[in-house]
Amino acid sequence: MKHSLFLTILAAALLGSGVANANEAGTLYASQYGTPDHLAESISLGSSRKDDKLVVDVPLTLTGNMGYLSLYNGATIEFQKKQEAEAICSISTSAARTHQTVCFYQTGGVYNIAFNADAQAIVAASAGTPITLIKDLNTGNDGFTFVGDISPSDTTLQLNGAGYNAPVVLDGVQFTYVGPKADDYIFQEGEIGFTGYYAGSHALKLVANGKPTPEPTTGTLSLLALAGLCARRRK
């Protein structure tokens, strides 16, 4: 009985370990790109692929003529803070390559752009300055490509798991994610979204227009105002 119980517990432990390893196996780190386990020519993410998440923990440059990023339904790209710099690691391609940066492959596909805590702090403090996440330096060819009959309107680009017009809190600042917009769209206070999200675009940029920071209850301005009030009262 004890022997059977031990085997049951051991089997459960091994099963649990296998599940954890399976989850880890679904994440590819940019710092692994080009290692023997991951081809340097291309990255494929999403449903029915080995990896469904790419963590951009270092700046990533796709290399070679076939250096492209294929995205299928369920793919996630998580951006992290660049080490020793107030910037976010980005994805770029060389001008020498001959194929697209990002290929969207499924009609109705959902693709999630995520940020870790350090990157969220940079986004929240960006004050309307566009942050380039993906850039194709080869302007002689299409940047983003929606393969087949797919168009940008056939896909959903989530932000930290939130859909269009949903609330998103980054580093304590609340935004409304308004989704992809035209390059010339002016983001209103409290809005956050992407520009450049269309067929043939060469850069995906995130723009956050956060709510203004409340005035401090104490500080130089408040003390000056108090001094002026006291002076008036003495008169």
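**Figure 1. Overall content of the predicted model.** The protein holds three helices and 16 strands; helices (H or I, at least four residues) and strands (E, at least two) are DSSP runs, numbered from the N terminus. The model is predicted, with local features requiring pLDDT of at least 70 and side-chain atom pairs counted only at pLDDT 80 or more, while totals for chains, interfaces and linings use all residues. Residues are numbered from 1 along each chain as its sequence is written, and side-chain values use heavy atoms, with hydrogens and water left out. Of the 235 residues of the protein, 37% count as buried; buried means under 20% relative accessible area, exposed over 50%, and partly exposed in between, with a 1.4 Å probe and protein chains only. The accessible surface comes to about 13000 Å², and carbon and sulfur atoms contribute 55% of that surface. Accessible areas come from the Shrake-Rupley method with a 1.4 Å probe, and for residues only the protein chains shown count as cover. Among the contacts (heavy atoms within 4.5 Å) with a separation of 6 or more, 64% are between residues 24 or more positions apart.

Figure 2. Strand 13 and strand 14 are antiparallel partners over five bridges, and Leu 170 stands opposite Val 173 in strand 14. Two residues lie between the strands of this hairpin, where Asp 171 takes a positive phi near 50°. Strand 14 and strand 15, by contrast, pair in the parallel sense over five bridges, with Thr 176 opposite Glu 191 in strand 15. Strand 15 (residues 191-195) runs antiparallel to strand 16 (residues 203-209), and five bridges join them. Glu 191 also stands opposite Asn 209 in strand 16. In a regular strand the side chains alternate between the two faces of the sheet.

Figure 3. The whole structure contains nine aromatic pairs; rings of Phe, Tyr and Trp (its six-membered ring) pair if their centres lie within 6.5 Å, and planes under 30 degrees apart count as stacked, over 60 as edge-to-face and the rest as tilted. The ring centres of Phe 104 and Tyr 197 are 5.9 Å apart with planes at 85°, so this pair is edge-to-face. The pair links distant parts of the chain, 93 residues apart: Phe 104 belongs to strand 8 (residues 102-104), and Tyr 197 to the loop between strand 15 and strand 16. Phe 104 is buried at 4% relative accessibility, and Tyr 197 is buried at 8%. The rings of Tyr 177 and Phe 194 are likewise edge-to-face, because their centres are 6.0 Å apart and their planes stand at 85°. Tyr 177 in strand 14 and Phe 194 in strand 15 are 17 residues apart, and both are buried. Ring pairs also link Phe 104, Tyr 111, Phe 146 and Tyr 197 into a cluster.

**Figure 4. Charged side chains over aromatic rings.** The charged end of Arg 49 sits over the ring of Tyr 72, at 3.5 Å from its centre. For Lys 181, the charged end lies over the ring of Tyr 185, 5.1 Å from its centre. A charge sits over a ring if NZ of Lys or CZ of Arg is within 6 Å of the ring centre and within 35 degrees of the ring normal.

Figure 5. Thr 76 lies in strand 6 (residues 76-79) and is buried, with a relative accessible area of 14%. Leaving aside neighbours within four places in sequence, Thr 76 is in contact with Leu 45, Asp 52, Lys 53, Leu 54, Asn 112 and Ala 114. Asp 149 is placed in the loop between strand 11 (144-146) and strand 12 (156-159) and is exposed, with a relative accessible area of 79%. The C-alpha atoms of Asp 149 and Tyr 105 are separated by 9.4 Å, although these residues are 44 apart along the chain.

How values were computed: Two strands pair if DSSP finds at least two bridges between them.
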